[in-house]
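Thanks for coming. I have one structure to go through this morning, so let me put it on the screen.

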Amino acid sequence: MKLKPKISSLLLGILLPATSSANITIYPMSLKITPSTTSKNKFKIYSKSDQLQRVTVSVRKIINPATADEDEIPAPATDTQSLIASPQSVLLPAGGEQTITLRTISTPEKEALYRVFVKPAPADPSANEEEQNASVTSLTRGVLVYSLPQDPTSNLTLDLKSARVENTGNIHVWIKDIATCSDHSEDHCKKTYIGTSVFPGSSLPVPTSILPVKGIVVNYQTHDTDMKSRRWDF
């Protein structure tokens, strides 16, 4: 599934191969978790160090994903639908590995996006906070996690008044392109490449490159489907 450039650029730093100075690796770097696949709701940390090291695990929720207002906040501890990672502190032996389990107390009503950060503790505990942060920043790794509802449903609706396509389903969709048509056939449509994700409750404008508009066609896909097409005629 493709993401909007902002998420993609953040993910790029996480997906880059570990350098020789990095002392941990993670697999997989991206996963989706569902209530029915609890045995797969996990990832592994692998040590590349020849010494015992302590690693901390923290969860941040991505709010307003794939929009201009995208941000990350600590996963709310009071939200029963928030993602929980355990253990949160690990003593990783030289060349060893550790499994991190992911879960939610209750099933989310709609898809949520999280980033689980794995960070080695600073080598010098007596260093000040700025020195500690500098010593581990380049070693921080993260896992992008899609937390899915019990019954994933995709649905797109068109708001003619605002000329926007809205995601009224409970999972995100990746919109490849939107075509505006001057009649009800497929012969007089102009296609505009979009290439972005739209999460539940979000929307995006329809390019009005053809006037008057008599039809709109959206090509999109979800986590587990091939490309689909949704058309509105009026």
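Buried means under 20% relative accessible area, with exposed over 50% and partly exposed in between, using a 1.4 Å probe and protein chains only.

This is a predicted model, in which local features need pLDDT of at least 70 and side-chain atom pairs count only at pLDDT 80 or more, while totals for chains, interfaces and linings use all residues. Residues are numbered from 1 along each chain as its sequence is written, and side-chain values use heavy atoms, leaving out hydrogens and water.

In overview, the protein has two helices and 17 strands, where helices (H or I, at least four residues) and strands (E, at least two) are DSSP runs numbered from the N terminus. Of its 234 residues, 39% count as buried.

Now Glu111. This residue sits in the loop between strand E8 (97-104) and E9.

The side chain of Glu111 does reach the backbone nitrogen of His172, at 2.5 Å. With the side chain of His223 it makes a polar contact of 2.9 Å. A polar contact is a pair of N or O atoms within 3.5 Å; within protein, one must be able to donate a hydrogen and the other to accept it, and residues adjacent in sequence count only if both atoms are side-chain atoms.

Next, the cores. A nonpolar core is a set of buried Ala, Val, Leu, Ile, Met, Phe, Trp, Tyr and Cys residues joined through side-chain atoms within 4.5 Å. The largest has 23 residues, of which Phe43, Ile45, Leu102, Val116 and Val145 touch the most other members. Strand E9, residues 112-120, gives the most to this core, with four residues. Apart from it lies another core of 14 residues, including Val165 and Trp232.

Last, strand E16, residues 215-221: six of its seven residues are buried. Strands pair if DSSP finds at least two bridges between them. E16 runs antiparallel to E13 (residues 173-181), with seven bridges, and Trp174 has Gln221 as its bridge partner. E16 also pairs with E17 (residues 228-233), antiparallel, over six bridges. E16 and E17 form a hairpin with six residues between them.
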